[in-house]
Amino acid sequence: MITPIATRAERTYPLGLRPRGLLPNFYDIVVFFLIAGVFIALAHGAREMQAPLASLDVAPVTLDPMNLPGYALLTTLRMFAAILASLAFTFVVATLAAKSRKAELVIIPALDILQSVPVLGFLTFTVVFFMRLFPASELGAECAAIFAIFTAQAWNMAFSFYQSLRTVPSDLDEVSRHFQLSPWLRFWRLEVPFAAPGLIWNTMMSMSGGWFFVVASEAVSVGNTTFKLPGIGSWLALAIEQKNIGAVALAVATMAAVILAYDQLLFRPIVAWADKFRFEQTAALQRPQSWVYDIVRRARLFKRVFALISGFGARLATIGPRRSGLRLPAMSSQWAKATDILWMVLVLAGAADAVWRMFSYLHATLGLADVVTAFGLGLITLVRVVVLIAIASVIWVPISVWIGLRPWAAEKVQPFAQFLAAFPANVLFPIAVVGIVSWHLNPNIWLSPLMVLGTQWYIVFNVIAGASAFPTDLREASTLYRLRSWQWWRDVMLPGVFPYYVTGALTASGGSWNASIVAEVASWGDTRLSATGLGAYIAEATEKGDYPRVVLGIAVMSIFVVAFNRLLWRPLYRLAERRFRLN
Amino acid sequence: MDTVVSLESRTPSTTALVQVDHLRHLYNEGDHLVLDDVSLTLKDNEIVALLGRSGCGKSTLLRIIAGLMRPSSGTVTIDGDLVSGPASQVAMVFQSFALFPWLTVLENAEIGLEAQGVDPDLRKKRALAAIDLIGLDGYESAYPKELSGGMRQRVGLARALVVHPRVLLMDEPFSALDVLTAETLRTDLLDLWCEGRMPISSILMVTHNIEEAVVMCDRILVFSSNPGRIVSEIKVELPQPRSRLDPKFRQLVDDIYALMTARPGDKRAREGIFPGTGIAMVLPRISPNILAGLMETIAAEPYSGKADLPALAGSLQMEIDDLFPAADTLQLLRFAEVAEGDIRLTDTGKRFVQADVDGRKKLFAQHFFTYVPLAAHIKHVLDDRSSHRAPASRFRDELEDHMSEEAAEQTLRAIISWARYGEAFAYDEDSGVLSLDNPT
């Protein structure tokens, strides 16, 4: 069972990193303010509707093991609802960005920033928004939870799809223009299949990240609004409240079973099936395997069902306008230029308006001192992230290289590492908190490892993949010339796995920032542990319903993440692309 | 739309099927002229080749005829209809095959009909007929990645024939195949054509392979580069099937070589080898090792300093796309003269061959600075600066004022590679800086 690790073709550049810059930073700043403006508007709306929400009339969550399978199912359903929403979002928004220059100008920097924003912060506003949308019904809370997961998944999927659309091979593009495929047919016959491997890979990554948020978003309290949706997350929250360690263990076991089932029953078959969409001209020696896919392919009943579905798919592809007709440039270049300028002016005006709103909103309640405090706390969290990623790297890179160079070990460890990356680490937090409480440890230090608990695995499986892919002839050469151990690491192995390490480490660091919001504050029953940091600042402001501070905290954290990506990961990634890419 | 032609009618008719009038095309609407006043007529029942070196605009012309690109000025009419978008009377075969890897052979062949909204049953019937015709029986459910190159190009042909085009456009259809496969496919295609079994009226093909053009075509339109224009039209009146060993065939091939290396008017003789003039000359990326190897071959027996290009191409197994740029580079550096299908080493060229490694490098550097304007320019800039260093991007920007980004990159890479060989100046990859330091 070889786990499919993204090849170069399907590994779309994370965080919008490309060998050459994406767009001038100017747009990032403009769009950053636009996004912040939307936040402010939401927060403002939430404040207007400060009246207590009607308490939800749903069956309360209980710690009855009989209920657990049902809860697990509900949690999984939420995941899939969110992933479907993300796919729909991807198809619409990424296509728009790829086809319209004006849309691209705003959408791409927006995606870039949104995937750096701590999505847990969104919960604050969206909960209130959705509860108001569907008053006194469970639907509002459900929507809020699903939306929270959506915000954790959608951006990198859209990015991947957009990048695929922009890199459709030029000869296939010519063929589809030449045979006059309608835009609809072109989308299903050319663009979606070409984008499929990258999109599926990113969807898998999104799902992995999503479990973390589904657990965090089922039991939420914002100000005086509290809800617990039936699910594993609420079970866990209740177990923490009641100090029931057995229930926590049950949640961990259930979560493991769920992730294993979804991997075996859903994703592996899809990856095995999607192998045919890989854009390569020679058949690969090693194809992704899935026993479920093999059964499905062989079973006659399934064959019928599949034929039906694919027949429907074929019909779907041919509906719509038959011919694209003769397409001529619709606009003269002068007119296009004029509308471009008009569009830019509109975007800039929107950003200016957002800046003004932000200023006036925050100025009314917060002073400069608050901003300084937030930045100070941000620095503390930054130190945590840097130190933890460094420690995780020092520990895991040698181990992963060792594993990756031994195929038998890699084959066994790789699926396990991916499983751990998907496992929501917050399910394990209570166990850590029990330890800290009983041994009277300093939460400022000992809560920190929780931030990388779930994210370090990205480093592990990427480096394993890199070491596995390391060319045999280079290894043989270094053995022949008897490179000594330090020289071997410095000149052979570290440069060899560097591109993979950078990909893994930047995913890990992004995830750690996000995790800080739940990891810097933890509780066990009525014991509350809190570490000093920006994550705790946001978490506490959320709990108090202090919207201005939530906005400030999120904005500052976004600035930190974006700056961190731009100043550290992006240059490293380019260096890796330019210097250390083998073949 | 049934245009299957009967056996007797395989002689070119007089009616114009494709008419191209005074086509001009500028690269990116800029000032680089790709096609200059190209006019041609394609009649029923003929195979015509557009023959030229790479980058002479012949593929661009094919795409303009297919309606995939719009010319800067001039018109294309097919069957009397003005082409203003993808033309439905033509079907194209691509050099890279351009098959959808996720569709089976049958699905790939059906794609054109699917786009036309043809009923699935009829679609399948016509696709199967084309697959049958082209010799792909039994491969209907295979995916392209399972097929060899020759089989893939057959799928490309089937896909084009399925839509029953009037004209088949082929863009270097055999150049991605190995010699043997290419020859088999050519022969099969010619057989189908001569027997009138393909539902097409004419074939227009782009090639840089002189022999291929002579084997297959009724007429050859020879293109010159920079800008692309038709310099000559050659009628091939040898009967099919043609033998490559036929002395008349050989003579024709020799004549075309001479035509393609002729330098009309001495003034353009050297300036016009590569696109652009002065420092804005687009240079090919030819390794100094190829240059040295070529000179050694020409100097040695049986050539003794002067070689016939077709013979040289044959013995070195080089296509003209590899051989001509190398020969032109030698000409630019004054190590050789190319004319009338021959290449002759100059005196310095002979001295180069006899020199030892250091002597060669010295001689190379000397000619490099004297005859490559960009090299002289870079040296001048480096000499002027007190640090004797300058970022490569400075020159790249300068080049991009005159040529495309890729051409600028290619030219700079060529200059750096030659400079390194001649130890003329150094380039540090990490910092992207050119300098006069000698790397130690």
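Predicted model: local features only at pLDDT ≥ 70, side-chain atom pairs only at ≥ 80, totals over all residues.
**Entry 1: chain A, quick look**

I started with the overall make-up of chain A. It has 22 helices and four strands. Of its 583 residues, 46% count as buried. I also looked up how far apart in sequence the contacting residues are. Among contacts in chain A with a separation of 6 or more, 82% are between residues 24 or more positions apart.

**Entry 2: strand E8 of chain B**

Next I went to chain B and asked: is strand E8(B) enclosed or open? Six of the six residues in this strand, which spans 202-207, are buried, so E8(B) is largely enclosed by the rest of the structure. I then sorted the side chains by direction. Ser202(B), Leu204(B) and Val206(B) point one way, Ile203(B), Met205(B) and Thr207(B) point the other way, and all are buried.

Which strands pair with E8(B)? One is strand E3(B), residues 47-51, which pairs with E8(B) in the parallel sense over five bridges. Within that pairing, Val48(B) has Leu204(B) as its bridge partner, and Ala49(B) stands opposite Met205(B). Another is strand E7(B), residues 167-171, joined to E8(B) by five bridges and also running parallel. Here I found Leu168(B) opposite Ile203(B). To get from E7(B) to E8(B) the chain passes through helix H5(B), residues 179-194, in a right-handed β-α-β crossover.

**Entry 3: strand E3 of chain B**

I followed the sheet on to E3(B). Five of its five residues are buried, and the strand is mostly covered. Ile47(B), Ala49(B) and Leu51(B) point one way, while Val48(B) and Leu50(B) point the other way. Besides the bridges to E8(B), E3(B) has four to strand E9(B), residues 219-224, again parallel. Val48(B) stands opposite Arg219(B) in that pairing.

**Entry 4: the antiparallel sheets of chain B**

I looked up an open sheet of four strands with the order E2-E1-E4-E5 in chain B, and its pairing is antiparallel. Which strands stand at the edges? They are E2(B), residues 33-43, and E5(B), residues 81-82; each has a single partner strand, so one side of each is left without a neighbour in the sheet. Strand E1(B), residues 16-26, and strand E4(B), residues 73-78, pair over five bridges, with Asp21(B) opposite Thr75(B). Helix H1(B), residues 58-65, lies across E1, E2 and E4 of chain B and runs at about 125° to E1(B).

Then I turned to a three-stranded open sheet, order E11-E13-E12 in chain B, with antiparallel pairing. Its edge strands are E11(B), 306-308, and E12(B), 336-339. Neighbouring strands in this sheet are turned by 15° against each other on average, ignoring direction. Four bridges join E12(B) to E13(B), residues 342-345, and Ala339(B) has Asp342(B) as its bridge partner.

**Entry 5: a helix pair in chain B**

How do H14(B) and H16(B) cross? The axes of H14(B), residues 373-384, and H16(B), residues 405-421, come within 11 Å and cross at roughly 75°. The two helices are therefore roughly perpendicular to each other. At the contact, Leu374(B), Ala375(B) and Ile378(B) of H14(B) meet Thr411(B), Ile415(B) and Ala419(B) of H16(B). By class I get five nonpolar residues, one polar and no charged ones.

A reminder to myself: most residues other than glycine have a negative phi, and most peptide bonds are trans.

I noted a cis bond between Gln240(B) and Pro241(B), with omega about -10°. Pro241(B) is in the loop between strand E10(B), 229-235, and helix H7(B), 247-261. Another cis bond runs from Glu301(B) to Pro302(B), with omega near 0°. Pro302(B) is in the loop between helix H9(B), 288-299, and E11(B).

For positive phi, I wrote down His440(A), at about 50°, in the loop between helix H15(A), 429-438, and helix H16(A), 443-446. Is His440(A) buried or exposed? It counts as exposed because it has 6 C-beta neighbours inside 10 Å, and the cut-off for exposed is 12 or fewer. Glu172(B) has a positive phi of about 40° and is in the loop between E7(B) and H5(B). With 21 C-beta neighbours inside 10 Å, Glu172(B) counts as buried.

Methods: Residues numbered from 1 in each chain as written. Chains lettered and ligands numbered in written order. Buried ≥ 20, exposed ≤ 12 C-beta atoms within 10 Å, placed from the backbone. Pairing = 2+ DSSP bridges. Right-handed = clockwise from strand over helix to strand, strands pointing away. Axes fitted to C-alpha atoms, helices over the stretch in contact; angles between N-to-C directions. Parallel < 35°, antiparallel > 145°, perpendicular 65-115°, else oblique. Contact = placed C-beta atoms within 7 Å. Nonpolar A, V, L, I, M, F, W, Y, C, P; charged D, E, K, R; others polar.
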